[in-house]
Amino acid sequence: EEAGACCGYLSGAGPTVMALTSGASGDIFTQREKERTDFSVAKAMMQVAQAYNVKGRIVVTQGTQEGARVVKVEPPFSTADITFRDNV
């Protein structure tokens, strides 16, 4: 929290500790550095993990409203006349 995270939690589905951060809306690569807290939060999380001899890695991502989607179908839905999203 001191590093700027909105919240943090331990995933029940696997060995994942996550923190939510806020910044300006839009793509993280177009935000100004002062609008972001992900680097300071990631650094703080890694320091705590290392203090307890826990190895890990940081993945910075962003939420989506889309959810799961089909990326491959056998036999495919797409034909020469109709192409579905992602050409499934």
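Modeller: A residue is called buried under 20% relative accessible area, exposed over 50%, and partly exposed in between, using a 1.4 Å probe and protein chains only. At 40% relative accessibility, Leu20 therefore counts as partly exposed. This is a predicted model, where local features need pLDDT of at least 70, side-chain atom pairs count only at pLDDT 80 or more, and totals for chains, interfaces and linings use all residues. Residues are numbered from 1 along each chain as its sequence is written, and side-chain values use heavy atoms, with hydrogens and water left out.

Colleague: Where is Leu20 found, and what does Leu20 touch?

Modeller: Helices (H or I, at least four residues) and strands (E, at least two) are DSSP runs, numbered from the N terminus. Leu20 belongs to strand β2. Contact means heavy atoms within 4.5 Å. Leaving aside residues up to four places away in sequence, Leu20 touches Ala5, Cys6 and Cys7.

Colleague: How do I read a helix such as α1?

Modeller: Start with its span: the expected value is 1.5 Å times one less than the number of residues. With 14 residues, α1 reaches 20 Å from its first C-alpha to its last, close to the 20 Å expected. Then look at burial: Asp38, Val41, Ala42 and Ala49 are the buried residues of α1. Seen down the axis, these fall within an arc of 100°, so they line one face of the helix; the arc is that of the directions from the helix axis to the C-beta atoms.

Colleague: What do the buried residues of α1 pack against, and which exposed residues does the face turned away carry?

Modeller: The buried residues pack against β2, while the face turned away from the buried side carries the exposed residues Phe39, Lys43, Gln50 and Ala51.

Colleague: Is Asp38 buried or exposed?

Modeller: Asp38 has a relative accessible area of 11%, so it is buried. Asp38 touches Thr21 and Val60, not counting residues up to four places away in sequence.

Colleague: How many salt bridges does the structure hold?

Modeller: Side chains of opposite charge can pair when their charged atoms come close. A salt bridge is a side-chain nitrogen of Lys or Arg within 4 Å of a carboxyl oxygen of Asp or Glu. The structure holds one: Arg69 pairs with Glu66, their closest N and O atoms being 3.3 Å apart. Arg69 is partly exposed at 43% relative accessible area, and Glu66 is partly exposed at 40%.
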